[in-house]
Amino acid sequence: MARFVLSLVCLTVFCAQSLAYSVPTPDITLISPQGIRFAVPSNPGITLVAYHYNIGTPLYNVAAGQYNFDVNSASGGYWVHENKDISVAGRTVYYWVLVVYNGGGYTLTEQSWTDADGSSGGDKPTPECSSYPCMAGCDMSVKPCNGLIFEDTFDTFNLDVWEHEITAGGGGNWEFQYYTNNRSNSYVRDSTLFLKPTLTSDKYDEGFITSGTLDLWGASPADLCTGNAYSGCQRSGAPTNAINPVQSARIRTVHSFAFKYGRVEVVAKMPTGDWLWPAIWLLPKRNSYGGWPASGEIDMVESRGNLNLVDENGVNVGVNQMGSTMHWGPFWPQNGWPKTHSTKNLPTGQTFGMDFHKYELEWTSDGLKFYVDDELILDVDPGTNGFWELGEFEKSNPGIANPWVGSSSKVVPFDQDFYIILNVAVGGTNYFSDSLTNTPYAKPWLNSSPTALSDFWNAKDQWYPTWNPDVNNGEDAAMQIKSVRVWAI
């Protein structure tokens, strides 16, 4: 990162400064969501501008800074340097500038700048320890110097961090819930976040499900529909085409926090109740390699709320089991997820809905590892040639285009910023296979049925009692989250 050799050479060669040029004070601004920008106005005689700066620690005379950059060309009338890898808001920047003008070196030294909303911290502040990475002299054993870059322990429900999704689209799975921003479905109590599904008829009435119109388009930035795909913003009910009969919550950090590589820890309790589908997962912020699944998906935790749901081998695949999965491939349906999927079952008589468990993801440039209560359950190392070779996509599709060609990353497409999602879905025509056996009653819909949603609703008297709506405020059916933390790696 440091590139100050040329600047110091310029100083020794052009040590005599004349009055022909005076270095202007640069224009300094913050970059959203983080970073800093320096800009010196262009002048026909300038051939180089070098910026040297510290964050929080004075920089005397022409000493090398923590950050040292030479700018060799102007852009838009300015000699601009941007650094988006540091957090500067509220902190003092100490800097000096070198300008090579008509063959001579000119400096502006011992300068400082502070964000207008921050505090200068005095003439000679102690090393700052307010954001990662911290400077020498900080206690590296405490946050954020220990790498903790995100933490929510849900003392409050911070809606500047968590954005509600508002949609009935169901992500292509034709799920039976719609997502909304309602304190019946998402709330904080006793330092715990609850994501709890309720019946749509609790808000409207039962007749609405088969004859009303659910309009989620919204009218202000806070309540706009977030997903129009799959009729996600408006649906009308009919006797054989019910409106989504469950109201639930899905929240995300897409506009507040995203990261690349790190260790994620979530302490959570899964919901109990038939056909509930909770998830703790990550999606790419920008889809750098194209639409799903080309840009990847990381599912830390998925589970099914049923107490007595077994597969064809007699294995309980309900709330006794959780799974971790990665989705990746050039396009749908070319998806290599079976090669990056694992499940864990608890001993008979225990479920993931009885107690809180710790779920972790360790994500580096070499691979991804998934843990439950410190037990490694999935270790994904794609190998030297990455996920393209691991997926063997050309075997079934000769000549298929590789969306990740040219990338030097071993873990592409998992080499970009991802954000966090927490949600509780219900049913759908994908995750609950028709081959599964539920007791004491059978699955009330077929995934291939055009009336799957209505079939599910018509069986309410079977599945709704398993949610225990009249016990503990119905919170057995809620996913409960004690904390979400992310450490930089």
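Two residues are in contact here when they have heavy atoms within 4.5 Å of each other. By this criterion, and not counting residues up to four places away in sequence, Ile481 touches Phe154, Ser191, Thr192, Leu193, Leu195, Val266, Val267, Ala268, Phe356 and Leu422. The structure is a predicted model, in which local features need pLDDT of at least 70 and side-chain atom pairs count only at pLDDT 80 or more, whereas totals for chains, interfaces and linings use all residues. Residues are numbered from 1 along each chain as its sequence is written, and side-chain values use heavy atoms, with hydrogens and water left out.

Ile481 is also, with Trp162, Phe414 and Leu422, among the residues with the most contacts inside the largest nonpolar core, which has 52 residues. Such a core is a set of buried Ala, Val, Leu, Ile, Met, Phe, Trp, Tyr and Cys residues joined through side-chain atoms within 4.5 Å, where buried means under 20% relative accessible area, exposed over 50%, and partly exposed in between (1.4 Å probe, protein chains only). A second, separate core of 26 residues includes Ile209, Val246, Trp275 and Phe432.

Strands (E, at least two residues) and helices (H or I, at least four) are DSSP runs numbered from the N terminus, and two strands pair if DSSP finds at least two bridges between them. Strand E17 (residues 250-252) and strand E27 (residues 418-426) run antiparallel and are joined by 3 bridges. They belong to an open sheet of 7 strands, in the order E9-E17-E27-E19-E20-E22-E23, with antiparallel pairing. Strand E9 (163-164) and strand E23 (341-345) form its edges, each pairing on one side only.

Two further sites can be followed through their contacts. Pro144 lies in the loop between strand E7 (104-114) and strand E8 (148-152), and counts as buried because its relative accessibility is 16%. Leaving aside residues up to four places away in sequence, Pro144 touches Cys129, Ser130, Ser131, Tyr132 and Cys134; the C-alpha atoms of Pro144 and Cys129, 15 residues apart along the chain, are separated by 7.4 Å.

Gly391 is found in helix H4 (residues 386-391) and counts as buried because its relative accessibility is 14%. Apart from neighbours within four places in sequence, Gly391 is in contact with Trp328 and Lys339. The C-alpha atoms of Gly391 and Val471, 80 residues apart along the chain, are separated by 46 Å.
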